[in-house]
Amino acid sequence: MKPFLFLSARPEVEAVGPEYESVRSAMGVDAGRLEHHRLDVSALERQRLGAFAGIVVGGSPFNVTTAPEHVSDVQRRVEEDLAWVAERGLAGDVPVLFTCYGIGVLTRVLGGEVGLDHGEEAQAVRVELTDDGRLDALTGVLPPAFDALVGHKEATVRLPERATLLAGSPTCPVQVYRVGTRVYATQFHPEVTPADFVARARVYRHHGYFPARELAAVEARINGASVTWPRTMLARFAELFG
């Protein structure tokens, strides 16, 4: 049985381990079935792609809308690797689930548009499945409407032509989409519990996702949210492709 691969791109060390653990527990697999590679530390070993049943791409404080002159060498390398992963997924070589920052990379690869119009502060939002989303093998396990945790500055503003919209929210019309049958992207964070997200908010309180002075209010808002369904997506991804 092949393992899955988790690709992280967070330079903040204190956020890396918890993100991996959130993904692993949501998928319902043990550590032996979920390898972890930090793209911010080293380039992807591309020749190993065939060793994995599927790939999950995590979030990052990087933004694909950052002006080219301000993009670091690390971010540039990360996005080159993720673009390659997207291309291999689209070619049918491996199933891929991009989350948060990853949806921006995939949207750009596919010729869609990413902008700042639909950013969302750290909070729970109501997400609704489209008709296609209700019928999809991955998102069809979710109820027609559910709460999910978000926190992002940019989002897809023009869906790629090849993409099928699966879910949206009033503040961010593109929350989940599929390309082909085995490449997915989600703007919200499917891996976190409210407790996980509060811990992450503490790490990123000075990164502009919300005013740092409002951390206590953000924590209370997140802790008061009832968010359970999104993690089902990761369990379903492991079930479908494992």
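This is a short tour of one predicted model, moving from its sheet to its cores and then to one helix.

Residues are numbered from 1 along each chain as its sequence is written, and side-chain values use heavy atoms, with hydrogens and water left out. Because the model is predicted, local features need pLDDT of at least 70 and side-chain atom pairs count only at pLDDT 80 or more, while totals for chains, interfaces and linings use all residues.

**The sheet.** Begin by selecting the strands (DSSP runs of E, at least two residues, numbered from the N terminus, as are helices, which are runs of H or I of at least four residues).

Next select E6 (residues 120-129), which runs antiparallel to E7 and is joined to E7 by 7 bridges; Glu-120 has His-152 as its bridge partner in E7.

E4 pairs with E11 in the parallel sense over 4 bridges, and Thr-99 stands opposite Thr-186. E10 is antiparallel to E11, again with 4 bridges, and the hairpin of E10 and E11 has 3 residues between the strands, where Gly-180 in the turn shows a positive phi of about 70°.

**The largest core.** Select Leu-7, Ile-55, Phe-98 and Tyr-177, which touch the most other members of the largest nonpolar core, a set of 31 residues (buried Ala, Val, Leu, Ile, Met, Phe, Trp, Tyr and Cys residues joined through side-chain atoms within 4.5 Å). Helix H2 gives the most to this core, with 5 residues. Leaving aside neighbours within four places in sequence, Phe-98 is in contact (heavy atoms within 4.5 Å) with residues including Val-57, Leu-82, Ile-103 and Tyr-184.

**Helix H5.** Finish at H5 (residues 194-203), in which Pro-194, Phe-197, Val-198, Arg-200 and Ala-201 are buried. Seen down the axis of H5, these residues fall within an arc of 165° (taken from the directions from the helix axis to the C-beta atoms), so they line one face of the helix. Their cover includes H1, E6, E7 and helix H6 (215-223).

How values were computed
Pairing = 2+ DSSP bridges. Buried < 20%, exposed > 50% of the residue type's maximum accessible area, 1.4 Å probe, protein only.
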